[in-house]
Amino acid sequence: MQSRFRLTRSEDFKRVRQTGKSYAHPLAVLVALPSASQNLRIGVTAGKTVGTAVQRNRAKRLLREALRPLLPAIAPNWDLILIARPKLAATSLAETREAVIALLNRAKLILSNGS
RNA sequence: CAGGUUGGUUGGGCAAUCGCGGUUCUGCGUUGACGGGAUCGAGGAAAGUCCGCACUCCAGAGAGCGCGACGUCGGAUAACAUCCGGGGCGGGGAACUAACCCGCCGGAAGAGGGCCACAGAAACAGACAGCCGCAUUUUUGCGGUGAUGGUGAAAAGGUGGCGUAAGAGACCACCAGCAUUUGCCGCAAUGCAAAUGGCUAGGUAACCCCCGUCGGGAGCAAGGCCAAGCAGGAGCAAGUUCGUCUGUGGACGAUGGGAGACUGCUCGUCUCCAUACGCGCUUCCCCCUUGUGUGGAGGAAGCCAGUUCCGGGUAGGCCGCAACGAGCGGCGCGGCGACGCGCCGCCCAGAGAGAUGAUUGCCCAGAUGGCGCAAGCCAUUGGACAGAAUGCGGCUUAUAAACCAACCUGAGCA
RNA sequence: GCCCCCAUCGUCUAGUGGACUAGGACGCGGCCCUUUCAAGGCCACGACCGGGGUUCGAAUCCCCGUGGGGGCA
């Protein structure tokens, strides 16, 4: 996921967190908000409750890697935030991917149900 | 060979595919939220933020006070509380003890103050018991005594003698310790030796303090710059005349005026403003009136004018800031060493919600199990602590395991 | 990232100039009182964040670590 498709500005995060709709999962939380722009933007975040810097980076990399093959199937015009939870640092990529797919399905953001 | 100790190095390797960040080059019937190539991309601790610097801003005539840090000697260094080499004391390490390791280091004689609970007579000096002398009403008073008892973490140098009423460095010998002087090795601390002195001086300065050295304060969210806007501030400046039309409110034109921009200046050109002042609008006060701020009269204050300049702070963007450095690697020289000097070569992460990940194969340590006398073979498993954010030098803390070198002790062989 | 502060029973705190077997309140447990409950009374349990050091002696002083909190024009 290239950086221009990420959420970067602090106020964007604030807006999505405050006005978006959130979906919870034991491993992560998804917050979604329809956006005015034509493109999908995704922010991945891990707070201090996840653990040390190594564990936070690990959690964010897992979420990005789990998200990467799903990107073409996700509906555009959305701003998304994925928030890591403490258990995520100790899980595998396959479990993370299942969690992300489940969250996206619940938010009805996956366009083609091919996979 | 066994055991122990210290120092150093590494911190899995190679390959393939997909993906990410920086720099740079580049392609185009499609200049894109486009594509392609090259190259670089975490650590020994990046961590804790405990010290020291660089750098930046603020303050400041100079100096001092205060506060803080440090304190054996010599050296290294940009600097340090760090490092190297030496010294002293205490502790650990085979209950002694080797290599070696750990901690501490000015001053309590030489300024002064404070504290030393409980116990004990007494904590730096005041006699509880005991001993001795004198007096005495025979059980007390006065005096001497730190040699004895017990207390305590600490009790007036120790042993022996002489001496005495009893005792005491009061005196003597030896020992321990202190100060001064001299000599020797050493740059020095220190050590060794001798002489002399007074014979004794408790501990605590990680209590205040004294002496010496150093430090102005804050920290890259420092700090600098930029576009737009806002808060705010400052300057300048009014209402000319004439004509036409008219619905009498005004509109248009001309002339002149004001402010500004362009320019080095003038001319010139351009933009904006004004002749909005009335039966005006807003608020307040007061009077009359009304079902009612319903209607009316009066008074006060404000508005009906713009334009130019200056101009924040936060958020945003750029710089600081990632390629020239207390830089890295190699070689040589000097030094016991920390380190320094010279030559050659190299350019080596840099974001700004934060780039290193995923999958697969082979190999390398390691662990477990099985087979084997052994070398070894097979299977399964499996890679510590941990992620740069202004940079650097240290310290401290976390860390699976491997390799190399040196030293010590013991045993054996030559 | 940079810079500060704090840590004492389950909770809130006192003690910080060394003497402590660490005090108090609420809570918890037991007993008494009451017909019972509450209130009250008595008793008990219960802590110096961890490790080193200085000192005769450390909650206190010094160093290192751990955890928590706060600030940054």
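Colleague: Which residue in β2 does Ser 22 stand opposite?

Modeller: This is a predicted model, where local features need pLDDT of at least 70, side-chain atom pairs count only at pLDDT 80 or more, and totals for chains, interfaces and linings use all residues. Residues are numbered from 1 along each chain as its sequence is written, chains are lettered from A and ligands numbered from 1 in written order, and side-chain values use heavy atoms, leaving out hydrogens and water. Strands here are DSSP runs of E, at least two residues, and helices are runs of H or I, at least four, numbered from the N terminus. β1 (residues 21-24) pairs with β2 in the antiparallel sense over four bridges (pairing takes at least two DSSP bridges), and Ser 22 stands opposite Val 31.

Colleague: Is Leu 33 buried or exposed?

Modeller: Leu 33 is found in strand β2. Buried means under 20% relative accessible area, exposed over 50%, partly exposed in between, with a 1.4 Å probe and protein chains only. Leu 33 has 13% relative accessibility, so it counts as buried.

Colleague: Why do the buried residues of α2 line one face of the helix?

Modeller: In α2 (residues 53-67), the buried ones are Ala 59, Leu 62, Leu 63, Ala 66 and Leu 67. Seen down the axis, they line one face because they fall within an arc of 130°, taken from the directions from the helix axis to the C-beta atoms.

Colleague: Which elements do the buried residues of α2 pack against?

Modeller: Val 54 and Arg 61, on the other side of α2, are exposed. Counting contact as heavy atoms within 4.5 Å, the buried residues pack against β2 (28-34), β3 (41-45), β4 (78-84) and α3 (93-106).

Key: The expected span of a helix is 1.5 Å times one less than its number of residues.
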